[in-house]
Amino acid sequence: MEALTSRSAQVSRKPMSLAERLFLPAIFKGMGITFSHIFKKQPTIRYPEQRREFSPVFRGLHVLNRDEEGRERCTACGLCAVACPAEAITMEAAERLPGEEHLYREEKYAAVYEINMLRCIFCGLCEEACPKDAIYLSETFAPANYTRKGFIYGKDDMVIPNVKTDPEGFAKAKGSPRNN
Amino acid sequence: MTLLVLDWLLIIEKLVLIAIIVFASLGIALYTTFAERKVAAILQDRPGPERAGPFGLFQPFADGLKLIMKEEITPNSSNKTLFILGPGLAMTAALMTCAVIPWGASVQLFGRTIDLQIADVNIGILYIFGVVSLGVYGIMIGGWASNNKFSLMAALRGASQAISYELAMGIALIALLMTTGSLSLKTIVEQQMAPGHLWNIAYQPIGFLLFFICAMAECNRTPFDLPEAENELNFGYHQEYSSMKLGFYLFSEYVNMIMSSAVMASLYFGGYDIPFFNEALLPQNIAALVGVGALLIKIVIFIFIFMWIRWTIPRFRYDQLMNLGWKSLIPIALVNMLITGAWILAKL
Ligand code: SF4
Ligand code: SF4
């Protein structure tokens, strides 16, 4: 019969030799192996202080982007909500009033924009669907919460801080692991 | 009036000694649990507990607090008296052993010579054997009173294991006693300290190996932890126990480990003897204290070996355990005894 793996070995059924029946040599060998592990490097990452770097394509929490002048890009077109396979996104649109041009880039903007992070599967389809480059998946992840309600992220949680006025908050929201 | 004849100072001295030794044993046992986790972790390339306090040193207190705060559950169908008696007995038996172990030579204090041994019984070894056998009742009663088939099975396993291995242990010990000619631990230690006399391990290497294996079995340590057998008996005899009653069982295991390490160190490794050093060169009190330190170091080394073995070897199957005990250890112990006898005769 053809072997399924190259690592398979035939079971040896020959009677044990005296040294084997004594167990002791094998036990000492085993103890030598465990002892050598004392000097091995620990692969442990001590989590809150140390973090593993995410891969460059990591898809984490969403951020709602701003344009170069710090205005919100989202125009509440709803394409992300349509694209979302988990139906995690809801939004309410509102019309931009005169005098709000420095806040919103388009005439229509999202007054309410919510993503339920418990439903979201972090597939990134919203990011692909958005015609305005308004939504991106960052390199952070949703921290634990006590209630389900706490996982419904609104605009306060997601609109990225302005790079110019709050570079620190911006970097944190972007969540590049090199900043941790 | 007869009371006045008693040496009250002696009683006070002994009580203080008992308190010190019992609390020291408990303290060491506390940190043995910590060491166990640390050693396990390091042998498995992990850091182990390190969050509670510096280097995780407060971990045992956190564990203890957790155990105390847990709900105390007594199963409805259990035998209430025996259920409580079980862990108490296990703990008492574990602690009682420390009475005859010579922890050090004598010190001079307030003009009195104080022996660092609670009782120099002239049949110390027999006393230890008796008490260790009592320890089986802790397991038996606990398993029986739980009214749970896993516990009962574990208790039966524990009892038969302890009885089987006590036999080999006893025979291995007889060979040692034939060479020492004394049952008192103090005398045995002093013999090994005498100039020109090596530690008993040199005269009884096989006996020591047997004794060590049996001691491991008596302490229910892996590879002989069949009464516990997490993965087949759901933690065995203390399955129904919770809170501090469980804590007592777990703790008594560690105390047992310390005591058997102390016994082994005294019997085969010169007890409080400092190797390659003549204690008579130091002032008496300092020599005694250094001796206590030497004994403690020996105990720590033994405990480390216990742990090291635990995290190396898997558990025996039950039939393998019995085969090893009855078909290998006891014959080897008997042969060892005969050889020792012949050797003594040849020397005469
Ligand atoms: S990442 Fe996927 S699941 Fe999450 S909101 Fe975007 S489209 Fe929906
Ligand atoms: S995030 Fe993009 S796709 Fe979604 S509503 Fe806003 S503009 Fe449209």
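1. A friendly start with the charged pairs: over all chains, the count comes to 12 salt bridges. Please keep in mind throughout that this is a predicted model.

2. One of these pairs is B:E50 with A:R46, whose closest N and O atoms are 2.9 Å apart.

3. Next, a helix pair in chain B. The axes of helix 8 (residues 205-218) and helix 10 (residues 243-268) of chain B come within 11 Å and cross at roughly 170°. An angle over 145 degrees counts as roughly antiparallel, so helix 8 of chain B is roughly antiparallel to helix 10 of chain B.

4. Which residues make that contact? From helix 8 of chain B come B:G207, B:F208, B:F211, B:F212 and B:A215, and they meet B:S260, B:V263, B:M264, B:L267 and B:Y268 of helix 10 of chain B. By class, the contact has eight nonpolar residues, two polar ones and no charged ones.

5. The structure holds three cavities of 30 Å³ or more, and the largest cavity has about 410 Å³ of space. Its lining has 29 residues, with B:V132, B:G135, B:E218, B:C219 and B:N256 nearest the centre.

6. Helix 8 and helix 10 of chain B turn up again here: along with helix 3 (80-96), helix 4 (124-145) and helix 5 (149-180) of chain B, they each give two or more residues to the lining of the largest cavity. By class, that lining divides into 19 nonpolar, seven polar and three charged residues.

Technical notes: Residues are numbered from 1 along each chain as its sequence is written. Chains are lettered from A and ligands numbered from 1 in the order in which they are written. This is a predicted model: local features need pLDDT of at least 70, side-chain atom pairs count only at pLDDT 80 or more; totals for chains, interfaces and linings use all residues. Side-chain values use heavy atoms; hydrogens and water are left out. Axes are lines fitted to C-alpha atoms, for helices over the stretch in contact, and angles run from 0 to 180 degrees between N-to-C directions. Helices (H or I, at least four residues) and strands (E, at least two) are DSSP runs, numbered from the N terminus. Angles under 35 degrees count as roughly parallel, over 145 as roughly antiparallel, 65 to 115 as roughly perpendicular and the rest as oblique. Contact means heavy atoms within 4.5 Å. Ala, Val, Leu, Ile, Met, Phe, Trp, Tyr, Cys and Pro count as nonpolar, Asp, Glu, Lys and Arg as charged, and the others, Gly among them, as polar. On a 1 Å grid over the protein atoms alone, a cavity is a set of points where a 1.4 Å probe fits but cannot get out, and a pocket is an open set with protein on both sides within 12 Å along at least five of seven lines; lining residues have an atom within 4 Å of a point. Grid points are joined across faces, edges and corners, and a volume is the space filled by probe spheres set on the points. A salt bridge is a side-chain nitrogen of Lys or Arg within 4 Å of a carboxyl oxygen of Asp or Glu.
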